[in-house]
Amino acid sequence: MANSRTNDVVMAVVEGIRGALLDKAVTFPEYRAAIQHIMKTSEAGELPLMIDVFFNTTIVQAINNQGSASPSDLEGPYFIEDVPLTEGTVLRMDGDDCEPLLVAGTVAGPDGAPLSNATVYIWSSTPDGKYSGFHPGVPDHAYRAKLMTDENGAFRVETSTPVPYQIPNQGPTGELLEAIGRHTWRPAHVHFKVRAEGCEELTTQAYFEEGEYVHDDCCEGIVSDELIFKREVEDGKRVVRVNFKLDAARALQAA
């Protein structure tokens with residue numbers, strides 16, 4: 001039996017592509033070249049990367065249009081579910097000479113009340129733009145934390161101020177971006193994923209006001225002002241203070 005939701009989404013996408021092909025009078029050689037590039041991208045293992053570059057922000061916009069929670073943002077390809085609960089509070093590696101960063105925040109529910117025992121994942125790149133669990137030479141779980149909020153819904157962890165980095169740019173995704181006149185840089189950012197019972201999961205990022213590429217992200221990010229943080233320093237550490245509000249789980253809303 002056909003799934004009406006699947007049919008609606010698939011056919012809307014197909015009609016959108018058909019409209020673009022007709023509007024731009026795409027030739028058969030151009031059509032075949034596009035298929036060949038998609039095949040090359042798949043063979044290089046970059047198909048998820050290429051799709052994310054062009055469409056992940058659209059999904060984020062769709063999520064943000066549905067509720068009143070803190071703004072969502074890209075998850076990216078470097079989230080790891082299986083991270084041990086962080087016992088310490090410092091994520092920096094030996095020899096890291098980047099500016100220390102204190103990330104402190106709170107988690108609140110739909111009614112604005114603090115949520116204790118919410119789970120907060122935090123992850124960011126190394127000083128040379130790599131991620132633990134994905135790039136060689138990076139210790140397991142470096143620059144990653146899995147925290148539980150306290151009775152006041154609060155959490156804090158020390159890490160390093162991240163830097164801008166390039167997404168993989170030597171393969172077909174970089175080739176395509178270059179062909180359309182775009183770069184392959186992402187602005188410096190810290191990732192968050194927040195979960196609490198009875199609430200919708202929140203996935204988002206924090207950016208730095210003076211950072212390069214904040215308003216020119218290769219992933220077409222439309223960064224909300226709420227996610228861009230002014231420079232604040234405390235005891236020699238840069239500080240980012242985030243206050244997250246979660247929506248009620250949609251299944252509960254429907255009930």
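Close-up 1. Cys218 counts as buried at 2% relative accessibility, where buried means under 20% relative accessible area, exposed over 50% and partly exposed in between (1.4 Å probe, protein chains only). The model is predicted, so that local features need pLDDT of at least 70 and side-chain atom pairs count only at pLDDT 80 or more, while totals for chains, interfaces and linings use all residues. Residues are numbered from 1 along each chain as its sequence is written, and side-chain values use heavy atoms, with hydrogens and water left out. With a disulfide defined as a pair of cysteine sulfur atoms within 2.5 Å, the count comes to zero. Cys218 is in no disulfide, the nearest cysteine sulfur being that of Cys219 at 4.0 Å. Cys98, buried at 16% relative accessibility, has its closest cysteine sulfur in Cys218, and because the separation is 20 Å, this is too far for a bond.

Close-up 2. Arg186 is placed in strand E6 (residues 185-186), strands (E, at least two residues) and helices (H or I, at least four) being DSSP runs numbered from the N terminus. Arg186 counts as buried because its relative accessibility is 5%. Its side chain makes a polar contact with the side chain of Asp217 (2.7 Å) and another with the side chain of Gln205 (3.5 Å); such a contact is a pair of N or O atoms within 3.5 Å, where within protein one must be able to donate a hydrogen and the other to accept it, and residues adjacent in sequence count only if both atoms are side-chain atoms. Not counting residues up to four places away in sequence, Arg186 touches residues including Leu74, Tyr165, Tyr207, Cys218 and Cys219, contact meaning heavy atoms within 4.5 Å.

**Close-up 3. The largest nonpolar core.** This core, a set of buried Ala, Val, Leu, Ile, Met, Phe, Trp, Tyr and Cys residues joined through side-chain atoms within 4.5 Å, has 26 residues, of which Val107, Ile122, Phe155, Phe192 and Leu246 touch the most other members. Among the elements giving two or more residues to this core are strands E1 (100-108), E2 (119-123) and E11 (237-245). Apart from it lies another core, of eight residues, among them Leu49 and Cys218.

**Close-up 4. Pairing of strand E11.** E1 and E11 pair in the parallel sense over eight bridges, pairing requiring that DSSP finds at least two bridges between the strands. Thr106 stands opposite Asn243 in E11. Strand E10 (residues 233-234) runs antiparallel to E11, joined by two bridges, and Asp235, in the hairpin of these strands, takes a positive phi near 55 degrees.
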